[in-house]
Amino acid sequence: MAPLLESRGLLAQGWKCHIVCASPSSRHTKKKPPIMESEQPAGYFSTFSILDPNRPNPEGTGKPQKRNRRVYVCIPCHRRKLRCDKGQPCSRCIQADAADECVYQKFPFSSKHESGSGEPGETPQSPARDSPQITPGPSGSEARPRLHGVTHWSTVASEFREGWPYIAGLDPEWGPRYRHLQSLKYLVAALPVHHFPFGEICHCSESRENALQSLPPRPVVDTLVRCYFEVIHPIYRLLHPAEYEFELQAFWMNVNHFSEEWLAQFFMILALGCQAAPAQVFTSTGRRPSSWTDQFLNSSQYFLCRSPFVSTPTLTSARTLCLGVIARIMDIVKGGETSQLASLMGYLGRMAVSLHLNRTSALFPELLPYEVEIRRRLWLTIQLLELQVAMRTGTSCTHQDYDAEPPSNINDTSIYHTGQGWVLEQGAAKSDLALTDGTFQTRLSDLIPILSEITTVVNQTTAQTTLKYDKIQSWDEQLRRKVREATSVLLMAAQSQANYSFRPRIQLEFLRVLVNRSLLALHHHYISAPRFRQFPASSQAVINSSLEILSVHQSWYQSNHGLDYPSSSIALPEGTAHRSTATLLDICRDSFGAAMLYLVTSCRRLSLNVIQLPPTDGRQQHATSQAEIVRLVQTQLEDFRERACCSPSHYDEYISLAVAEGCLRGLMGGSSGGGLTAGLMEVADRIERTVLEGKLWTGGGGGGEEGAGGGGVEGSTGFTPVTPGGFEGAGGFIFPH
């Protein structure tokens with residue numbers, strides 16, 4: 001099948017201007033130095049040169065010779081004779097507006113290395129690993145030291161050794177088409193926010209008055225706050241609902257009497273509420289939810305920069321940074337990189353230590369019981385965010401030495417307002433087996449220490465620090481026991497209280513994802529080639545954990561409809577039970593992608609008969625055969641395809657998973673013929689067709705969303721992004737008075 005759109009076709013020509021305009025530095029682009037046709041191709045010569053996989057070897061130049069040492073420089077920097085900082089992409093390619101051209105030469109391994117292939121039928125793409133602790137990096141320079149641990153997506157994907165050169169775009173024949181697909185992500189890119197939430201894109205005309213006057217009508221604001229508390233708050237318990245409702249009412253009475261740090265937190269809550277709110281909430285505003293999200297994020301960082309959060313941090317500023325980390329995890333902040341997420345989390349962790357949130361309350365006898373409880377909740381949430389960031393970035397959890405007590409197992413009604421302020425009712429704490437609003441956090445506090453330890457150990461494991469298998473088995477058993485205990489409590493709540501089923505069910509499923517993601521990392525070294533032959537139990541554990549994670553993904557993806565929610569101090573009005581679990585899909589997106597990649601690798605090994613399926617116990621409701629697992633991977637890929645519009649990061653993830661699935665199908669004989677590369681060209685056609693069919697963009701004239709009063713967004717490019725988390729046909733939304 002011929003490619004749907006060649007690089008000179010409709011997509012490349014008709015949308016060329018949009019790609020240029022959407023590029024962050026397109027208005028200040030420096031012209032790239034011309035490359036002379038007579039320039040000698042790069043190769044492994046005795047001089048400083050490398051082989052360009054995209055240019056044929058001219059006659060008379062001979063075969064490239066092997067060097068005695070590796071070249072650590074990207075091809076564009078080598079051609080221009082510039083110093084390369086070895087980034088992916090490097091800073092010089094970014095400055096030259098050629099980030100998609102920044103590639104590194106694959107190392108031509110000798111037969112000695114090639115003979116070390118760990119799996120039958122695989123083409124070796126990396127040196128043989130004689131220990132399970134050595135993991136290849138995400139670029140073609142695989143001999144270059146990488147700091148990505150086993151929880152990083154590139155390390156997970158590299159286990160699919162036959163598909164890795166295509167997933168990373170390193171194959172010379174596939175590389176040009178892959179880079180063309182990568183360039184399409186500029187169509188979803190908007191304002192770059194490289195230093196969010198520290199005020200990089202705050203407009204010079206921004207002011208306190210402008211930010212407050214640009215708020216949507218009060219009914220919309222109140223609804224966004226309530227959507228935040230029903231979707232985000234059950235997982236990240238940063239605030240006390242009744243107290244925040246009290247503060248919000250005071251805010252509407254006099255908007256000028258609140259500090260900058262409170263306003264920064266307020267606008268961040270509104271930005272996250274946009275992701276959880278039904279699309280009908282914004283109909284009366286005439287603007288798209290994504291436009292409101294960007295405005296709220298800008299206003300939040302404007303107020304944060306005006307507050308003394310550096311010199312005098314408070315609980316409010318710490319909560320604001322927590323909300324900023326959540327926003328970056330969900331990728332609603334455009335233009336960020338994963339490494340920046342780790343840096344932001346590091347700053348937040350140091351702020352928490354400066355506030356002594358990690359210390360026991362016995363050291364601060366002057367604190368009221370209510371203040372002690374709020375600090376405990378905040379510290380546990382920071383630990384949870386640090387764990388999630390460490391998993392996504394392949395780094396370590398830095399704050400494992402603390403003596404702060406866990407939050408109390410109490411209901412929110414046990415905290416109330418009096419004439420002397422907010423107080424905690426004495427004797428309100430329940431036993432660990434009792435069901436309260438704090439049960440999820442008490443169970444989470446029991447899991448966080450072991451999850452953080454596992455993540456730190458596996459991401460720091462090297463050839464010099466071998467992880468013993470008996471320790472793996474001990475951790476595995478301990479995690480499974482703890483999640484069974486949490487299930488017995490939260491599942492009881494979901495089954496016994498019909499009007500209270502949404503929160504405990506979502507909390508339990510989130511814990512399942514978190515624990516099984518840790519189990520994947522725990523067994524990773526023992527499913528790496530060739531170790532997986534010696535430890536079949538790990539391969540089976542990885543398959544089971546991946547299926548568990550994807551069962552949650554499937555449940556959340558199909559749950560974008562009305563669910564009953566408990567009444568509370570901040571509750572939706574009658575008839576407004578609709579909510580979006582798309583927000584939860586974004587929060588755990590990294591885990592879902594990792595589970596897909598592990599299943600792709602496992603399916604390939606199953607097809608080669610080098611591993612066996614895990615035994616069934618009759619209680620499993622997910623796939624139990626190789627054919628069912630393959631169908632599950634293909635079905636879940638369609639879910640990722642439909643969500644590829646949310647951000648450039650979503651689009652990149654979809655490309656990686658689509659290429660991995662295409663490689664699996666081609667290797668198992670499911671492609672239309674013509675070899676693996678030919679099959680991947682069909683995958684590229686489908687990715688481009690996703691753009692043409694409107695999966696990334698709909699409609700064009702720059703107007704607002706259908707039903708939004710036709711109000712266009714100022715500065716629109718003519719493309720209307722499909723809004724994540726919206727509901728089609730979910731009418732009847734009633735605003736509170």
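Buried means under 20% relative accessible area, exposed over 50% and partly exposed in between, with a 1.4 Å probe and protein chains only. This is a predicted model, where local features need pLDDT of at least 70, side-chain atom pairs count only at pLDDT 80 or more, and totals for chains, interfaces and linings use all residues. Residues are numbered from 1 along each chain as its sequence is written, and side-chain values use heavy atoms, leaving out hydrogens and water.

**View A. Helix H8, residues 175–183, is mostly covered.** Helices (H or I, at least four residues) and strands (E, at least two) are DSSP runs, numbered from the N terminus. Eight of the nine residues of H8 are buried, among them Tyr178, His180 and Leu181.

**View B. Helix H10 (residues 218–231) meets helix H12 (residues 260–276).** Their axes (lines fitted to C-alpha atoms over the stretch in contact, with angles from 0 to 180 degrees between N-to-C directions) come within 7 Å and cross at roughly 75°. That makes H10 roughly perpendicular to H12, a label for angles of 65 to 115 degrees. Contact means heavy atoms within 4.5 Å; here it involves residues including Val221 and Tyr228 of H10 and Phe266 and Gly273 of H12.

**View C. Strands E1 (residues 415–418) and E2 (residues 421–424) pair in the antiparallel sense.** Pairing needs at least two DSSP bridges between two strands, and this pair has four. Look for Tyr416, whose bridge partner in E2 is Val423. A hairpin of two residues joins E1 to E2.

**View D. Thr455 sits in helix H17, residues 439–460.** Thr455 counts as buried because its relative accessibility is 2%. Leaving aside residues up to four places away in sequence, Thr455 touches Leu387, Ala390, Met391 and Thr395.

Terms used:
Parallel < 35°, antiparallel > 145°, perpendicular 65-115°, else oblique.
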